[in-house]
Amino acid sequence: TIVLDYTLTAFKVACMAFFFGLILAQIPEVYSLSGHEKGDGVRPTQIVPFLFGLGVIVALMFVDTTNTGVQPDEHTIGNMVMYCICGILLAISKIVPGISGASLLIALGLFDLTISSIAHLDFYFIIPVGIGLVIGVLGFAKIMNHCLKNYRTQTYFVVMGLTIGSLLIIIQELVLLGPDVWD
């Protein structure tokens, strides 16, 4: 993971472009999983969930990540809660197909911190994230199972909105990096 930490720092634009490509490649698969047939028109019961998923990610783009309250060098309860939430989000991104955990962390301003903390085996970070992962998996797996059994097409259209929104987060991150990192 130290190599990953170095790579993400030294080649940030290339890594973001790589993540973009991975996410983009998921869109056809998510669409096919929805069960929507090509000849069928798109219905409001599909548009509304898609817009909901997209809206969630767009809302994350407007979160002020400069004031997340996370000070990596401080060992506070607030940081531990934020790290636990980070773990829950990572668990959700692993359960829901098409959601990029990296994009969620980028949107919350926690991507670099996560990679660095894992690379340096910062257990103050890793343990709360691990607890959050367990909470997220146990809590969200049943919800996702219910949604896929009862609302398959709508669920996958939400996922498609989240997936396309993840692309927007990466574009936003690249724009925020500025032209000096493009060299």
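Tyr-124 is buried in this predicted model, with a relative accessible area of 16%. The cut-off for buried is under 20% relative accessible area. Tyr-83 is buried as well, at a relative accessible area of 2%. The rings of these two residues, Tyr-83 and Tyr-124, form an edge-to-face pair, with centres 5.9 Å apart and planes at 85 degrees. Tyr-83 belongs to helix α4 (residues 77-95) and Tyr-124 to helix α7 (residues 123-150), so the pair ties together parts of the chain 41 residues apart in sequence.

The structure holds 5 aromatic pairs. Another of them joins Tyr-31 and Phe-157, and this pair is edge-to-face. Tyr-31 sits in helix α2 (residues 12-33) and Phe-157 in helix α8, 126 residues apart, so that distant parts of the chain are linked. Phe-157 is buried, with a relative accessible area of 6%, whereas Tyr-31 counts as partly exposed at 26% relative accessibility. Ring pairs also join Phe-18, Phe-19 and Phe-111 into a cluster.

| Pair | Centre to centre | Angle between planes |
|---|---|---|
| Tyr-31 and Phe-157 | 6.3 Å | 75 degrees |
| Tyr-83 and Tyr-124 | 5.9 Å | 85 degrees |

Helix α8 (residues 152-177) also packs with helix α3 (residues 44-61): their axes come within 7 Å and cross at roughly 30 degrees. Angles under 35 degrees count as roughly parallel, and α3 and α8 are therefore roughly parallel to each other. The crossing of α3 past α8 is right-handed. The residues of this contact comprise 15 nonpolar, 9 polar and no charged.

Methods: Residues are numbered from 1 along each chain as its sequence is written. This is a predicted model: local features need pLDDT of at least 70, side-chain atom pairs count only at pLDDT 80 or more; totals for chains, interfaces and linings use all residues. Side-chain values use heavy atoms; hydrogens and water are left out. Axes are lines fitted to C-alpha atoms, for helices over the stretch in contact, and angles run from 0 to 180 degrees between N-to-C directions. Helices (H or I, at least four residues) and strands (E, at least two) are DSSP runs, numbered from the N terminus. Angles under 35 degrees count as roughly parallel, over 145 as roughly antiparallel, 65 to 115 as roughly perpendicular and the rest as oblique. A crossing is left-handed if the near helix is turned anticlockwise from the far one by less than a right angle, and right-handed if clockwise. Ala, Val, Leu, Ile, Met, Phe, Trp, Tyr, Cys and Pro count as nonpolar, Asp, Glu, Lys and Arg as charged, and the others, Gly among them, as polar. Rings of Phe, Tyr and Trp (its six-membered ring) pair if their centres lie within 6.5 Å; planes under 30 degrees apart count as stacked, over 60 as edge-to-face and the rest as tilted. Buried means under 20% relative accessible area, exposed over 50%, partly exposed in between (1.4 Å probe, protein chains only).
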